[in-house]
Amino acid sequence: MIYLDSAATSLQKPPEVARAMAQAVSRYASPGRGGYSASAAAAECAFRCRTELAGLLGAAGPEQIIFTSSATHGLNIAIRSLVSSGDQVVISGYEHNAVTRTLESIPNLEVRVAATKLFSQEADLEAFRSQIDRQTKAVICTHVSNVFGYILPIGEIATLCRERGVPLIVDASQSAGVLPVKTEEWKAAYVAMPGHKGLYGPQGTGILACGKESNPTPLLTGGTGSESRMQQMPSYLPDSQEAGTHNMPGIAGLHAGVQFVRRIGTERILAHERQLIRTLAEQLNMLPDVKLYLPGNRAVQSGVLSFRIEGRDCETVSEQLGQRGIALRAGLHCAPLAHQLAGTSETGTIRASVSAFSRQMDVMALAAALRNKMEI
Amino acid sequence: MVYYLLICRSLTYAQRTAAVLERAGISAHILRSPAAISTTGCSHSVKISQRRLAQALVVLKKVEMTPKQIYMTEADGSYREVRL
């Protein structure tokens, strides 16, 4: 199979991820719950993973790293910790439903969308500048659009938030493992991400990196292996957010994935992904009926490319390519706001997304299949 | 053998504490705190030898880490809190 849906999940993982998971299943008990070696081994694995993640994500330390089940889980913790009924928040025009549906579930919330035109970092920053005011309780911004691969000016938005004294929540779902994530440098309140995309861990893993001053409200309550006599959740991280038994096979796999990313380096991974997207864009540009959604400035593009074929239904094309062994994602990608901005709300787009394991021949195969689209 | 237990607020904090001490050449072992000294229920401690307490506290202070409580073992196996 030619897999070009890494923005959904990176299907191809370093082999050590599966090995670490298999080992965890048979060797790791619940971390910290007992004094025996299988519990201590699990605790050691979790700690190493937290430490590795804190390094990669620029967090203050391993305690600021919360294991979640997904980016959505982390975003729910972050949003519900900072935003209540009657508040006002500012979001980017590229937010995923993980953000917008969570906001929608909070009654009487005013949601301001900082959106002007597609793929303009200057316009985005200006939109945030004009939308944030004294009533703003939080700014929520994705680092990279999951639809278009467009990189938002998160450093500048973070500076703006600091100047205005507004907590920032970053959705790093598409950037973690590909771009530098700087939790403390940005002074972000929270940075949420999945473990199974650019970090090459398994599905069912996620991370919420918490700023040094953040004190999130527990979303789940239950046993933590600490302060068991108390009926309130512990007040400190990470225990306050990690009720229940940890997903040790997931954490072990995630640890192996993060080690892989740190070994290769985000710069090399980004360069590789950009090169593939550039090749694909060049190939598709030669096709008369294909419309690409690409920023003019290539420096704000990551490893995702959205396109449409005039007169063809996106889902049908994607389905047919799937039958030929080419895996893509079509539709609205759970991000209707981004499609509104691009004017593709009705049609959707076809999205190709690559990873460290994608090859030149993969994108060439997609281009060749589309060149022969009349046969599709 | 007499030793000290540095009670930590969480397992992760205990792991960080032990890592800092080990890096400074102080042998540190993480264990679940004995029930007799775990006032709020379950907790984790870092065990260090009697002669390394002063050095350990200096090392931890440098990185702004503080144990929740410190206990010393008595000859009869009981624990006595150490007030600093």
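Mentor: Let's start with a rule: two strands pair if DSSP finds at least two bridges between them. Helices (H or I, at least four residues) and strands (E, at least two) are DSSP runs, numbered from the N terminus. This is a predicted model, in which local features need pLDDT of at least 70 and side-chain atom pairs count only at pLDDT 80 or more, while totals for chains, interfaces and linings use all residues. Residues are numbered from 1 along each chain as its sequence is written, and chains are lettered from A and ligands numbered from 1 in the order in which they are written.

Trainee: In what order do the four strands of the open sheet in chain A lie?

Mentor: The pairing in this open sheet is antiparallel. β9 (290–293) and β12 (329–331) of chain A each have a single partner strand, so they stand at the edges with one side left without a neighbour in the sheet. From one strand to the next the twist averages 30°. Read across chain A, the order is β9-β10-β13-β12.

Trainee: How far apart are the axes of helices α9 and α12 of chain A?

Mentor: Helix α9(A) covers residues 266–285 and α12(A) residues 360–371, and the two pack at an angle of about 20°. Residues making this contact include Leu276(A) and Leu280(A) on α9(A), and Val363(A) and Leu370(A) on α12(A); here contact requires C-beta atoms, placed from the backbone, to lie within 7 Å. The distance between the two axes is 9 Å.

Trainee: Which element gives the most to the side of domain 1 of chain A that touches domain 2 of chain A?

Mentor: Domain 1 takes in 2–10 + 265–375 and domain 2 takes in 15–264, with bounds from an automatic or database domain assignment. Their centres, taken over C-alpha atoms, are 27 Å apart, and 31 residues of domain 1 of chain A contact 31 residues of domain 2 of chain A. On the domain 1 side, α9, β10, α11 (336–342) and β13 of chain A each supply at least two residues. With six residues, the one giving the most is α9(A).

Trainee: And which element gives the most to the side of chain B that touches chain A?

Mentor: In this interface, 14 residues of chain B are in contact with 19 residues of chain A. Both α1 (11–23) and β2 (29–32) of chain B supply at least two residues of the chain B side. Giving five residues, the top contributor is α1(B).

Trainee: Where is Pro238(A) found?

Mentor: Follow the backbone to the cis peptide bond joining Leu237(A) and Pro238(A), with omega about 0°. Pro238(A) sits in the loop between β8 (206–210) and α8 (248–264) of chain A.

Trainee: What is phi of Asn108(A)?

Mentor: Asn108(A) has its place in the loop between α4 (97–104) and β4 (110–114) of chain A. Its phi is positive, in a residue other than glycine, and lies near 55°.

Definitions and conventions. Axes are lines fitted to C-alpha atoms, for helices over the stretch in contact, and angles run from 0 to 180 degrees between N-to-C directions. Two residues are in contact if their C-beta atoms, placed from the backbone, lie within 7 Å.
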